[in-house]
Amino acid sequence: MAPPAEVLAVRGLSKTFPGVRALDDVDLTLHPGEVHALIGENGAGKSTLIKLLTGVHRPDAGDIVFQGSAVSFATPLDAQKAGISTIYQEVNLIPLLSVARNLFLGREPRNRVGLLDFPRMHREAEETLRAYGVRVDVRRPLRTLGVGAQQMVALARAVASEARIVIMDEPTSSLEPREVETLFSVIRRLRDEGIAVIYVSHRLDELYAVCDTVTVLRDGRRVHHGRLAELDRLSLVSTMLGRELGEVRAEGLTKFTGDHHATDAQPVLEARDLTVPHQLHGVSVSIRPGEVVGLGGLLGSGRTETAKAISGALATSAGSVTVAGVPLRGGSTPAAIRAGISLLPEDRKSEGIVPGLSVRENISLAVLPRLSRFGLVSEARVDSIVDTFIERLRIKASSPQQKVGELSGGNQQKVLLARWLAMNPKVLLLDEPTRGIDVGAKAEVQKLVDELAADGLGVLLISSDLEELIEGSDRVVVLKDGAVVGELTGDEVTEDKLMRTIAGHAPARDTVEEAATDG
Amino acid sequence: MAEATVRSVPLDRARILQWLQTYGVYAGVALLLVVNIVITPHFLSAENFRTQAVQVAPVIIVALGMALVIGTEGVDLSVGAVMALAASVTALYLGYGLLPALLVVAVFAAGVGLANGALVAFVGVQPIVATLALMVGGRGLALVLLPQLEDLRNPALASLGSGDVLGVPYLILIATVLALLVAFVVRRTTFGRQLLAIGDSRPAAQLAGLPVRRVLIVVYVVCALLAAVAGVLATARLQASDPTSLGNLMELSAITAVVVGGTPLTGGRVNIAGTVAGAVLIQLLTATLIKHDLPPSWTQIAQAIVIVCAVYAARGRGKR
Amino acid sequence: MHVLRLPSHLFSVTRIGVTMQRTTHRSRLLARPVVVALSAAVALTATSCAKSEDDASDSKPSSAAAADAGQKVVTPKPGSKSCTIDAYGGKKIDLKSATVGFSQSEKEANPFRIAETQSIKDEAAKRGVKLLTANAQSQFSKQISDVQDLLAKGADLLVIAPLNSDGWDPVLQAAAAKKVPIVTIDRKINATACKDYVSFIASDFVEQGRRAADRMIEATGGKGEVAILLGSAGNNVTTERTKGFKERIAEKAPDLKVVFEQTGDFAREKGQQVTEQLIQSKPGIKGIYAENDEMGLGAVAALKGAGKKAGDIKIVTVDGTRNAVQGVVDGWISGVIESNPRFGPLAFQTLDTFTQGKEVPQDIVIQDGAYDAGNAEQDLGKAY
């Protein structure tokens, strides 16, 4: 079919930040009804491109032609008013306002005397959200909704404000599979209505499910563009990484090798009957040295809570944790850390990194007392540890003094891993270790998990990425509503089996009955 | 301030702000020095610099503690009250001699710091509210202990206030040593690093197993102790204990010095050199206006302008 | 002894407790005993083994030591208005059997307030009159409720040291309803004399400024540059003491120039700091007029610190506290103009005369003394 006139044409866009050429002569065209995948490793220039399109930054060179005329947005609000809406990875709505108020923020319906027309607002909000599969009381504060539902509200808001282009930056990172399906149906409806979508994601399945065209960025340049269907997965990955095809294929889609073998040794970690009111109902998990145990389940099934309860970050009302045969007392984070439990938290930005401190200080944060004498830090010992881990984990930073907040997500995650590895832990609890990080870093992290297990560490792996969970784990404990509903071992560790267990079709083993009695 | 207008070359705005945030306070001090050398008679004399330094020393000492507290994303409004408390306790126990009196002062100050720290760290009260309670209660206690100004004639106390070593007054020496000590603690000790981490991201620090509560309590105790030192020194200089007016509005002067010195109120960073320079900047500004006999309200307006400039410069950083 | 002073000061802590807990009546009731108990405990522990410098030697003399330190009335100017009980309304009573209520404005934390309250108490005791007292702790709303309390407790006569000049209507109406005569001391209230209140007794602050100027002219020989350490900004005492001083200088000694006016906020430390700046930038300064003793003593500390000798720079202050008069004795201060706080005798005298049905003046200006090198030593006992 003859393509309609383009809605967006970007020519020769460049942007330099102090010391970094973030974007270099990039072109991008977008037609009405096109769903365009924008991909690249972290630091490839995706965020910069989006920020230039939405008026957060101004380009050094190049033009943005939107609906036939050159534009230069001063603020994100200008861009939004003109018809370019953005949905960010983190929901940026107002948590204390009601769902309906959030949905209509800035364009509230008013009655004849100019006051907010709440009945109309609530009615329309409910109608709108129903189309997105969200059925809630729209008068409730937004924060009482789950993250997925909040994301849907953000999406509904973006679409409802008469956008011509909707930019989605990792929209599925906090969605459940069912919600992802709803999102896709919304995207298809947008396409039918002639709205263009720029879709940024690291999940290849999703890209192939909804996107028509693709632009691949690498090091600030456009290295590929065209129809997505004409580019198979491995080629896509190799284009992104800039590596030879054969090399990638040899390593498969995840970097897990399974080169580690659980020993028959005593469990290094035994958590028994962990109970947290309203959140966990007697969850038990044990991990042997050298074993990677996956925690499966949907959002809200209690995976994160289990990890936090084990590491002392969440107070339990009942249950016990034993590390290498020694019961853990006190239930505090420092006690758990001393015993050898390290938690890589799910929310890397707010609970993991200390953004204003340097790479060096972040890596040495937990281990600092061990590198100090009489409270005085031995800089030489810190340097040697920091250098060792920067090299071993291939952390890319301009120097150890660079602020962690300025690093890419993948490198931030590696810094956190380094922080814990420096402590010489016995058990690593990894909560979504590869979420929101680029493919290259993801592969490195996965490989590292294998290596660590091979070295005899016990690893608990939480991941929403099924592929990762299946390929990475020796055993998968499946949670549902805060209780264990099944356990997959050996050949049972497959996507199919996992889905069935979650859905409750094929109860695996007798653990289910156990859990059922107290859940 | 003025340097922004002087350098009106259209540089990158963010870079100007960055520069202002880091060096603005030093530039301000330099500017005031130059202006005063040109327009103020008798400014360029050792005696004058000595006067300015002696007057600013207590402010610097209080500001050091304040900088630490602000580094943890807190604030301590009770420093002025602690100064008053130190003054009245000094007067009350001076009969035993200076050293025993100072020990009792330290106990009282540590008590206030402990109360502040416990309220913040264990009860989870907002620092501004917790220290507000101690600000009111602390001065009340000071006045209960010593209801009115009392002249002190202890020779040891007098020499602490006006004595010197090779022409450098004790006050200046003490302030210098404390500033170096605090800077060292921030840069080189476990405690300093942990303090910054807690100020930058409390949840992350907690999950990293840092002793968050202990660090917070120690920070508030140190802040109170520093304020007590300042209170004793001011009392020694005055040779009178004046719990009614000593340390009035000191919390504001200290916060101003810290903020003007480039330490963000959002925590996670402590700039000790900047804090000292911030206190000096305000002192020079006040001195300039007094020496030229300008109305006192001008001093307040000038201070306000400096604060606005500092906050404006800090804003550029906060956004990143 | 500090321990002995405790009970009266505990009251101020009670107030602190209450101001912090202004939420509900219930929490107030609860908080009060807790806070009192706590602060009492701290204060007791702190003071039980305290040993201040003075404890060794004899304690400070009682503030009402000198018998002849009471106030004298400046002879009223002819034609000044007076007031009688018939004009005011109300009935004659015998002062001896009456209850007098006294409302103090600020906490007794400075010598002036201490001497003022003490003087009222001493005079009441001397005359055998029943006295009720209250202290507003510098909160005007509290002073209003204090006075209403005093009325409710049966005060027949009121002596008020007002914190503000305005806002007295509710109290005046309540007093008028009960026909209770009011005498205000040291600050006037904006109301009609002999209708809303009987008399106003105070010092003339402008006159104090003029007399300070006279002392300054005498001390400096009427030539040279002088500085003023102003009181707190926006305070009528500051404005009036400044006005009188400048008027008299302009009138009598045009060669004496005021070259420096900075506020010392009536506090010693601030007076010290400002004086340090002053003597740096204007080394030729001949005299310093401090609008209260505390700033003057701060100036003395600054001069000592700068290595000056007593008398190098002439200092004149206003108030007449003991420390300042001692400064005159020591030669650091050239003169202290008294602002007499001993309103007791005069206030009770006025009430006595009035309740007997005789005529009293509406504005009573009391006579302030002065201290200089000639009388300071022998009159030191009069200083408060």
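What pLDDT does chain C average? In this predicted model, local features need a pLDDT of at least 70 and side-chain atom pairs count only at pLDDT 80 or more, whereas totals for chains, interfaces and linings use all residues. Residues are numbered from 1 along each chain as its sequence is written, while chains are lettered from A and ligands numbered from 1 in the order in which they are written.

Chain C averages a pLDDT (the predictor's confidence in each residue, from 0 to 100) of 80, and 80% of its residues score at least 70. The pLDDT is below 50 over residues 1-36 of chain C, a stretch with 42 contacts in the model beyond near neighbours in sequence; two residues are in contact if their C-beta atoms, placed from the backbone, lie within 7 Å. Where pLDDT is low, the predicted coordinates should not be read in detail.

For the complex, the predictor gives an ipTM of 0.84 and a pTM of 0.74. Between chain B and chain C, the contact takes 42 residues from each chain. On the side of chain B that touches chain C, helix 6 of chain B gives the most, with eight residues.

Chain A contributes 24 residues to its contact with 19 residues of chain B. Helix 11 (333-339), helix 12 (348-352) and strand 18 (376-377) of chain A each give two or more residues to that side of chain A.

Conventions: Helices (H or I, at least four residues) and strands (E, at least two) are DSSP runs, numbered from the N terminus.
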